[in-house]
Amino acid sequence: YVTIIDAPGHRDFIKNMITGTSQADCAVLIVAAGTGEFEAGISKNGQTREHALLAFTLGVKQLVVGVNKMDSTEPQYSESRFEEIKKEVSSYIKKIGYNPAAVAFVPISGWHGDNMLEPSSKMPWFKGWNIERKEGKAEGKTLIDALDAILPPSRPTDKPLRLPLQDVYKIGGIGTVPVGRVETGVLKPGTVVVFAPANITTEVKSVEMHH
């Protein structure tokens, strides 16, 4: 399973972006390839820089870069524009602490679906991405391939259960549904859990995910 946390790109919502990113195992940095758009993002106070730096600082050590809007480059689906962006972003993320050799760069168009799920016929020059990391090599053609290549982190299941709450829903006929990520330990139906700081003890009726 991959859970997508859609973090906002606009600088006014940086607080929300930090909330989402702090829970992630891998960041997908979306960079706009359009004329002027990439330059704005990579400029001194640009959001491409800020988001990459925040992701690394928050401990998200795996990174995928989607070079989006390839349909609006000059000319459309330009190989030289992709290579220019790849070179510049690689150099910046290396300064932050990422290893560019372990980062998949994928030229995509979200609007037209190019290289999202299927290899695009509009970019015959793109032979695919390949990455090297100490756990081994990986390669692919599309963004979904890059998501499939994310290394699942080992979870400390041997420790006591700890689940920071993100939200609580009250659903009629079902009851109270706390939402969050299991950070340590194991959660299963029948477990008796304690909520802090209210010190309330209750039994877990069921565990739901991905709805």
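This is a short walk through a protein chain, from its overall layout down to a single residue.

Hi everyone, and thanks for coming. Before we look at anything, please keep in mind that this is a predicted model. How confident is the predictor? The mean pLDDT of the protein chain is 92, and 99% of its residues reach 70 or more. If we go element by element, β3 has the highest mean pLDDT, at 98, while helix α1, residues 14-21, has the lowest, at 80.

Now the layout. The protein chain is divided into two parts: domain 1 covers 11-149, and domain 2 covers 165-204. Their C-alpha centres lie 36 Å apart.

Let's turn to a sheet. This one is open and has three strands, in the order β1-β2-β3, with parallel pairing. Which strands stand at the edges? They are β1 (26-32) and β3 (104-107). Each of these two has a single partner strand, so one side of each is left without a neighbour in the sheet. On average, and ignoring direction, neighbouring strands of this sheet are turned by 20° against each other.

As a reminder, strands of a sheet pair through backbone hydrogen bonds, either parallel or antiparallel.

What packs on this sheet? Helix α4, residues 79-96, does, and it touches β1, β2 and β3. The direction of helix α4 makes about 150° with that of β3.

For an antiparallel example, move along to strand β6, residues 165-171, and strand β7, residues 175-180. Six bridges join β6 to β7, and one place to look is V168, whose bridge partner in β7 is P178. These two strands form a hairpin with three residues between them. In that hairpin, G173 takes a positive phi near 85°.

Is H51 buried or exposed? The relative accessible area of H51 is 12%, and the cut-off for buried is under 20%, so H51 counts as buried. And what does H51 touch? Leaving out residues up to four places away in sequence, the contacts of H51 are P8, G9, I14, M17 and L29. Two strands back in our story, β1 was given as 26-32, so have a look for L29 there while you have the structure open.

That's my tour, thank you!

Notes: Residues are numbered from 1 along each chain as its sequence is written. This is a predicted model: local features need pLDDT of at least 70, side-chain atom pairs count only at pLDDT 80 or more; totals for chains, interfaces and linings use all residues. Side-chain values use heavy atoms; hydrogens and water are left out. Domain bounds come from an automatic or database domain assignment. Two strands pair if DSSP finds at least two bridges between them. Helices (H or I, at least four residues) and strands (E, at least two) are DSSP runs, numbered from the N terminus. Axes are lines fitted to C-alpha atoms, for helices over the stretch in contact, and angles run from 0 to 180 degrees between N-to-C directions. Contact means heavy atoms within 4.5 Å. Buried means under 20% relative accessible area, exposed over 50%, partly exposed in between (1.4 Å probe, protein chains only). pLDDT is the predictor's confidence in each residue, from 0 to 100.
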